Amino acid sequence: SPGPSVLPVAEGETRLGGVERAEHRCVGLENLFQGRGPARDLVTRIELYRREVSNPLARYENLYEPINTFPEVEPDRVRVAPDSSVAEGIELLLRGRLGQRTGWWINYALSSTEDVIAGERFPRQFDQTHAVNLDLDLRLSPRWSVNLAWRYHTGWPTTPLTVERRTGDDGSVETVPVLGRRFSDRLPDYHRLDLRASRRWAWRSTRLRLFLDVQNVYDRANLAGFDYEIDDETGTLIDNRESWPGFLPSLGVEIEF
């Protein structure tokens, strides 16, 4: 059951929702190969899962831009009240080592998350059919290390929007937005490469670590959503594209004592 802390008061809600009921089914198989060469300490794991939720809580979402600083004030904010929800998929993990100084792992997921509303199935806001994560960890020396992480997933659902010109009873013409089927379109695929280089020092009981992080090394402009405007003079729809941050370096220090 939901607690008071999750009550969406910013949306005008004053009453808590009911109690959700979730049923989980999961089966997994894991194996460790303690061989030689590329198969040394190779871990393989495969999991299948299905999660069914009856009487899910109502929630609020934005149709065009899922991540927003102030989502409550956007015009694409809607209330979603599913009859039930289903999440299911299969995940595969491979993890191993290349010598003493190099570790790696790769994860792949094929999944689906859907809401059932009035007998129809709709993808949920962050549904991603395919997802891949690659990680490579290099120990250059006892004090220096470099990590590379690549992330990929298919585009999140979005709702198409068009406009049409309508003539009123008084003969005036106005341009009005027309919503397509909810979440029937998708954003482009998302991917980026992150890098971290770190150096360690130790003095008795004190440990210091300096690290440099670079997010989105190849500066890909991943599309995050749209901010639409209507040009009343020309009757056209202007889609201002919102992107995730591009190349973003940062420097950090950690001290343990």
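**Reading charge pairs, turns and nonpolar groups**

Mentor: Glu-52 is partly exposed, with a relative accessible area of 27%. Please keep in mind throughout that the model is predicted.

Trainee: With which residue does Glu-52 form a salt bridge?

Mentor: The general idea is that side chains of opposite charge can pair when their charged atoms come close. Here the partner of Glu-52 is Arg-25, and the closest N and O atoms of the two are 3.4 Å apart. The pair links distant parts of the chain, since Glu-52 belongs to strand E2 and Arg-25 to strand E1, 27 residues apart. Arg-25 is also partly exposed, at 42% relative accessibility.

Trainee: Which residues are linked with this pair in a network of salt bridges?

Mentor: The network consists of Glu-23, Arg-25, Arg-50, Glu-52 and Glu-88. In total, the structure holds 21 salt bridges. Another of them joins Arg-45 to Glu-47, with 3.7 Å between the closest N and O atoms. Arg-45 is partly exposed at 28%, and Glu-47 is partly exposed at 29%.

Trainee: How should I read the nonpolar side chains, and which residues make up the largest nonpolar core?

Mentor: In soluble globular proteins, nonpolar side chains tend to be buried together. In this model the largest nonpolar core has 7 residues: Leu-63, Tyr-64, Leu-161, Phe-183, Leu-187, Leu-223 and Phe-226. Leaving aside residues up to four places away in sequence, Leu-187 touches several residues, including Trp-156, Leu-223 and Phe-226.

Trainee: Which residues make the nonpolar surface patch?

Mentor: Val-27, Leu-29, Ile-46, Leu-48, Leu-92, Tyr-108 and Leu-110 make a patch of about 590 Å². Strands E1, E2 and E6 each give two or more residues to this patch. Leu-48, in strand E2, is partly exposed, with a relative accessible area of 41%.

Trainee: How do strands E6 and E7 run, and how many bridges join them?

Mentor: E6 (residues 102-117) and E7 (residues 120-123) run antiparallel and are joined by 4 bridges. Glu-114 stands opposite Pro-123 in E7. The two strands form a hairpin with 2 residues between them.

Key
Residues are numbered from 1 along each chain as its sequence is written. This is a predicted model: local features need pLDDT of at least 70, side-chain atom pairs count only at pLDDT 80 or more; totals for chains, interfaces and linings use all residues. Side-chain values use heavy atoms; hydrogens and water are left out. A nonpolar core is a set of buried Ala, Val, Leu, Ile, Met, Phe, Trp, Tyr and Cys residues joined through side-chain atoms within 4.5 Å. Buried means under 20% relative accessible area, exposed over 50%, partly exposed in between (1.4 Å probe, protein chains only). Contact means heavy atoms within 4.5 Å. Two strands pair if DSSP finds at least two bridges between them. Patches are made of residues with over 30% relative accessible area and no salt bridge: like charges are joined within 9 Å, nonpolar side chains (Val, Leu, Ile, Met, Phe, Trp, Tyr) within 5 Å. Accessible areas come from the Shrake-Rupley method with a 1.4 Å probe; for residues, only the protein chains shown count as cover. A salt bridge is a side-chain nitrogen of Lys or Arg within 4 Å of a carboxyl oxygen of Asp or Glu.
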